[in-house]
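The sequence and structure are shown first.

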Amino acid sequence: MDVLKVPGTDGGHRPAGSVVTIGAFDGVHLGHMAVIHRVRGLAASRGLASAVVTFDRHPASVVRPGSAPQLLTDLEQRLELLEAAGVDLTLVVTFDKARSEESAEDFVTEVLVGRLGARSVVVGADFHFGHGRKGNVALLREMGSELGFEVVGLEPLVEANAPVSSTRIRRMLAEGDVAGAAQLLGRSHAVRGVVVHGDHRGGSVLGCPTANVKVEGEIMLPADGIYAGWYRRTDGLAHPSAISLGRRLTFYDEAPSLVEAHLIDFEGNLYGEAAEVSFVARLREERRFDSVEELVAQMSVDLNEARVLLEGTPGVGGLRS
């Protein structure tokens, strides 16, 4: 997959013609995949390139930063997922204040036609874009009749009587429903970060060393709780894990939430390495224990439950070096 960037130089090229879709594609969930499937099908039938236009940050972070949503995927994850979906190229548009003030007409002329030679544009039926969200399917069709591209407006994918959307997935994660979120994502929700030093209590006091993964604040985490999941390393290896996401209530009255993964049957130094943690199932809510002994006893139960739950579950994947 070629990755082009706007503005700036890139190593890609302008395709002779393409079938294009546009969006934030946060999560690259099943609804996004349905659109991409249509794009790829049209492109293959017409001998054109399949292309996705996305942005280097969520547009809401510029347009309404006070209420911008947390992200299901960072840009690196998004590009990897789009490549895995079989897209020929992705155009990453820098979304800054100037871009937010650009008219829908100028975006079509500059990006869709000028950069990608669009012959067909595939978007959701309720898609809006451009300054003031004035661009929509009707405008695209009007411009397409003049500039030589057709427009396909798709109804949203519906799952369990509701549209599949990034907002719906965020709502599930906020409730700790990682299994439900996985059904809409088509995979377990995963976050990335670097292993940093913490309190060093896991190994010395609790007998259960953990990797403290520092996740950027803009990334969506599930609700605090104890989870079964996978810890993936840059070498592609995936380790079954019991994951504590919370504020360490037994030891602190006030503390920030941390992602701490105990890699089952693993020994080694993980400090400083990049990691991906995926959440497969919620085992229980986080709670305060009256003693360290009670906490250790519960942790043993959690580890055994995670081990059994993850046995036979695929832990494929991994980070790119």
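The model discussed here is a predicted one. Arg170 belongs to helix 7. Setting aside neighbours within four places in sequence, Arg170 is in contact with Asp26, His58, Pro69, Gln70, Leu72 and Met220.

## Overall composition

The protein chain has 10 helices and 14 strands. Of its 321 residues, 48% count as buried. Among contacts in the protein chain with a separation of 6 or more, 73% are accounted for by residues 24 or more positions apart.

## Pocket and cavity

The largest pocket has a volume of about 1,500 Å³. Its lining comprises 45 residues, and the closest to the pocket centre are Gly23, Ala24, Phe127, His128 and Arg133. At least two lining residues are supplied by each of strand 2 (18-22), helix 1 (30-46), helix 2 (60-63), helix 4 (97-100), strand 5 (118-124) and helix 7 (166-174). Helix 1 contributes the most to this lining, with four residues. By residue class, the lining of the largest pocket divides into 21 nonpolar, 15 polar and nine charged.

How many cavities of 30 Å³ or more does a search of the whole structure find? The search finds one. The largest cavity has a volume of about 50 Å³. Its lining is formed by Ala24, Asp26, Thr54, Phe55, Arg57, His58, Pro59, Leu71, Thr73 and Arg78. These lining residues divide into four nonpolar, three polar and three charged.

## Nonpolar cores

The largest nonpolar core has 29 residues, and those with the most contacts inside it are Val213, Tyr231, Val277 and Phe279. Two or more residues of this core come from each of helix 7, helix 8 (178-185), strand 9 (189-196), strand 10 (211-215), strand 11 (225-233), strand 12 (238-246), strand 13 (258-263) and strand 14 (274-284). Helix 8 provides the largest share of this core, four residues. Apart from this core lies another, of 28 residues, including Val113, Leu116, Phe129 and Phe149.

Ala181 lies in helix 8. With a relative accessibility of 0%, Ala181 counts as buried. Beyond its neighbours within four places in sequence, Ala181 is in contact with Ile169, Met172 and Leu173. The C-alpha atoms of Ala181 and Ser166 are separated by 9.6 Å, these residues being 15 residues apart along the chain.

## Aromatic pairs

The structure holds five aromatic pairs. One of them joins Phe55 and Phe107; this pair is tilted, at 6.4 Å centre to centre and 40° between the planes. Phe55 lies in strand 3 (residues 49-55) and Phe107 in helix 5 (residues 104-115), so the pair ties together parts that are 52 residues apart in sequence. Phe55 and Phe107 are both buried. Ring pairs also link Phe55, Phe95, Phe107, Phe127 and Phe129 into a cluster.

Gln77 is located in helix 3 (residues 75-84). Not counting residues up to four places away in sequence, Gln77 touches Leu72, Ala190, Arg192 and Glu276.

Asn136 occupies the loop between strand 5 and helix 6 (137-147). Leaving aside neighbours within four places in sequence, Asn136 is in contact with Phe127, His128 and Phe129. The C-alpha atoms of Asn136 and Ala125, 11 residues apart along the chain, are separated by 8.4 Å.

The accessibility of the residues discussed individually is collected below.

| Residue | Relative accessibility | Class |
|---|---|---|
| Ala181 | 0% | buried |
| Gln77 | 6% | buried |
| Asn136 | 25% | partly exposed |

How values were computed:
Residues are numbered from 1 along each chain as its sequence is written. This is a predicted model: local features need pLDDT of at least 70, side-chain atom pairs count only at pLDDT 80 or more; totals for chains, interfaces and linings use all residues. Side-chain values use heavy atoms; hydrogens and water are left out. On a 1 Å grid over the protein atoms alone, a cavity is a set of points where a 1.4 Å probe fits but cannot get out, and a pocket is an open set with protein on both sides within 12 Å along at least five of seven lines; lining residues have an atom within 4 Å of a point. Grid points are joined across faces, edges and corners, and a volume is the space filled by probe spheres set on the points. Ala, Val, Leu, Ile, Met, Phe, Trp, Tyr, Cys and Pro count as nonpolar, Asp, Glu, Lys and Arg as charged, and the others, Gly among them, as polar. Contact means heavy atoms within 4.5 Å. A nonpolar core is a set of buried Ala, Val, Leu, Ile, Met, Phe, Trp, Tyr and Cys residues joined through side-chain atoms within 4.5 Å. Buried means under 20% relative accessible area, exposed over 50%, partly exposed in between (1.4 Å probe, protein chains only). Rings of Phe, Tyr and Trp (its six-membered ring) pair if their centres lie within 6.5 Å; planes under 30 degrees apart count as stacked, over 60 as edge-to-face and the rest as tilted.
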